[in-house]
Amino acid sequence: MAADGNITKDLIYDAVAPDDFESMLDLDRYNGRSTAFDKIISATHDHFWDPLDKKYIDFDEPWDMDNQPLVPEELNVALQTKYVSDHLNTPSLRAQFINKSLLRSFSSILHGEQGALNLSASLCHVLLDQGAQEYAANQTREEARHVTAFAKYIKARWGRPVECTK
Ligand SMILES: [Fe+2]
């Protein structure tokens, strides 16, 4: 049970209002770092990857977007219907349909990654525990890499993402 008597809340997640920077400068707070996140924070370097390093992902790999589907046909729900399947009756038309559909999926993921980046960053402003705060900062950096990777992939394959609602 947490020290405040609330069984569903651990004090390491204690937070302040986003505009309460004064609480972050509280002298007692600096000596109150929990060890709950130490292992995962230390593992950051082991899990490091770089979306700008071709050893991890090479965004310059060529792809024929008009003729090569990025995923197998079975993964495109619309192509499983007789109507769409009959209408798109050449390999090239099917590949273009699959690849254009995927732009929507990848754009949604990209917007989600941007949301995760903003959320993680906002946690750094409100979490009181320094360990929790450092973990949130690590996650912020990880989400920034996700944004970079998905943005670069979309740029390489489609040129530009589409809006959330399309
Ligand atoms: Fe992410």
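Rings of Phe, Tyr and Trp (its six-membered ring) pair if their centres lie within 6.5 Å; planes under 30 degrees apart count as stacked, over 60 as edge-to-face and the rest as tilted. By that rule, F106, F150, Y153 and W158 form one aromatic cluster. This is a predicted model, where local features need pLDDT of at least 70, side-chain atom pairs count only at pLDDT 80 or more, and totals for chains, interfaces and linings use all residues. Residues are numbered from 1 along each chain as its sequence is written, and side-chain values use heavy atoms, with hydrogens and water left out.

**Aromatic rings**

- A pair of aromatic rings is described by the distance of the centres and the angle of the planes.
- The count here comes to 6 aromatic pairs.
- F106 and F150 make a tilted pair, with 6.0 Å from centre to centre and 45 degrees between the planes.
- This pair links distant parts of the chain: F106 sits in helix α4 and F150 in helix α5, 44 residues apart. Helices here are DSSP runs (H or I, at least four residues), numbered from the N terminus.
- F150 is partly exposed, at a relative accessible area of 21%. The scale runs as follows: buried means under 20% relative accessible area, exposed over 50%, and partly exposed in between (1.4 Å probe, protein chains only).
- Y153 and W158 pair edge-to-face, at 5.9 Å centre to centre and 80 degrees between the planes.
- W158 counts as buried, because its relative accessibility is 19%.

**The iron site**

- Which residues hold the iron ion? Its protein donors are E113 (OE), E143 (OE) and H146 (ND1), lying 1.9 to 2.1 Å from the ion.
- Donors are N, O and S atoms within 2.8 Å of the metal (3.2 Å for Na, K and Ca); water is not among the atoms, so sites may look incomplete.
- Along the chain, the donors of the iron ion follow the spacing E-x29-E-x2-H.
- E113 lies in helix α4 (residues 91-126) and E143 in helix α5 (residues 130-157), so the pair ties together parts that are 30 residues apart in sequence.
- E113 and E143 are both buried.
- H146 belongs to helix α5. Its side chain and that of E113 are joined by a polar contact of 3.0 Å.
- A polar contact is a pair of N or O atoms within 3.5 Å; within protein, one must be able to donate a hydrogen and the other to accept it, and residues adjacent in sequence count only if both atoms are side-chain atoms.
- Not counting residues up to four places away in sequence, H146 touches W49 and E113. Contact means heavy atoms within 4.5 Å.

**Helix α4**

- α4 has 36 residues and reaches 53 Å from its first C-alpha to its last, close to the 52 Å expected at 1.5 Å a residue. The expected span of a helix is 1.5 Å times one less than its number of residues.
- The buried residues of α4 include R94, A95, L110 and V126. The buried residues of this helix pack against α1 (21-24), α3 (82-87) and α5.
- S107 is found in α4. S107 is buried, at a relative accessible area of 1%.
- Beyond four places in sequence, S107 touches I154, P161 and V162.
- I98 also lies in α4. Its relative accessible area is 1%, so I98 is buried.
- I98 touches P69, L70, V71, E73, N76 and L79, leaving out residues up to four places away in sequence.

**Helix α5**

- The 28 residues of α5 should span 40 Å at 1.5 Å a residue; its end C-alpha atoms are 41 Å apart, which agrees.
- At the start of α5, a side-chain oxygen of D129 reaches to within 2.8 Å of the backbone nitrogen of G131.
- Just after α5, G159 takes a positive phi of about 95 degrees.

**Nonpolar cores**

- A nonpolar core is a set of buried Ala, Val, Leu, Ile, Met, Phe, Trp, Tyr and Cys residues joined through side-chain atoms within 4.5 Å.
- The largest nonpolar core has 14 residues; L70, L79, L102, L103, I154 and W158 have the most contacts inside it.
- α4 and α5 are the elements that give two or more residues to this core. The most come from α4, with 5 residues.
- Another core lies apart from it, with 6 residues, among them F37, I41, A132 and A136.
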